[in-house]
Amino acid sequence: MSVVDSTGTVLPRRTARQPGELPTPRAFPPSLAGNPALPYAAIGQELADLRVQIPGVHGCVLGGVDGLLITHNMQTDVDPNDLAALAATTYGLGRQVGLRLSQGEFRQSTVRNDHGYLSVYAVSRQALLAVVGQDSINVARLHLHAPSTAARLAALLERDRP
């Protein structure tokens, strides 16, 4: 059965995917939120350093891919729990784009709004770095510094794993 539009053009009909056409979803590791073994002081220093290095950064959040807050360095009235959830949502969308386009794992996504930016970076399989900045932020500079911060955060998270 085909669909015909108002000009008489026959439009293709989308069919359901067959089992096995989609990659199997991966199981998420346990949440890092509330883990007392994490080096919170060192993580907090990394977040503060990134905020100070890049003018226009309002704050940073380290959150889990599950949307739960691990820790933050926010300097605005933005709720860090909400930002952690938004980062996980951004990650979920980016992950699906990577899967559908066969482009690999999620690395980074930036959303630009009228008055600012939200950039989300993969830290590890369990954690995300979310950075909120004003509209005048130098995004290229952020993209230069944030991946190395994410790598240091990943090392800190890995260091204290059993």
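**Close-ups of a predicted model**

**View 1. The whole chain, element by element.** Three helices and seven strands make up the secondary structure of the protein chain in this predicted model. Reading from the N terminus, the order goes β-β-α-β-β-α-β-β-β-α. The chain has 162 residues, and 38% of them count as buried. As for contacts with a separation of 6 or more, 51% come from residues 24 or more positions apart.

**View 2. Strand 3 and its surroundings.** Strand 3 covers residues 57-64, and seven of its eight residues are buried, so the rest of the structure largely encloses this strand. One of its pairings is with strand 7 (residues 127-134): antiparallel, over seven bridges. Here, look for valine 57 sitting opposite glycine 133 of strand 7.

**View 3. The hairpin of strand 3 and strand 4.** Strand 4 (residues 69-74) also pairs with strand 3 in the antiparallel sense, this time through five bridges. Cysteine 60 has asparagine 73 in strand 4 as its bridge partner. Four residues lie between the two strands of this hairpin, and glycine 67 adopts a positive phi near 90 degrees.

View 4. Leu93, Val97 and Leu101 together make a nonpolar surface patch of about 290 Å². Valine 97 belongs to helix 2, which spans residues 80-100. Is valine 97 buried, partly exposed or exposed? Its relative accessibility is 38%, so valine 97 counts as partly exposed, a class that lies between the cut-offs of 20% and 50%.

Methods
Residues numbered from 1 in each chain as written. Predicted model: local features only at pLDDT ≥ 70, side-chain atom pairs only at ≥ 80, totals over all residues. Heavy atoms only, no water. Buried < 20%, exposed > 50% of the residue type's maximum accessible area, 1.4 Å probe, protein only. Pairing = 2+ DSSP bridges. Patch = residues over 30% accessible without salt bridge, like charges linked within 9 Å, V, L, I, M, F, W, Y side chains within 5 Å. Areas by Shrake-Rupley, 256 points an atom, 1.4 Å probe, with all protein chains shown as cover. Salt bridge = Lys/Arg side-chain N within 4 Å of Asp/Glu carboxyl O. Contact = heavy atoms within 4.5 Å.
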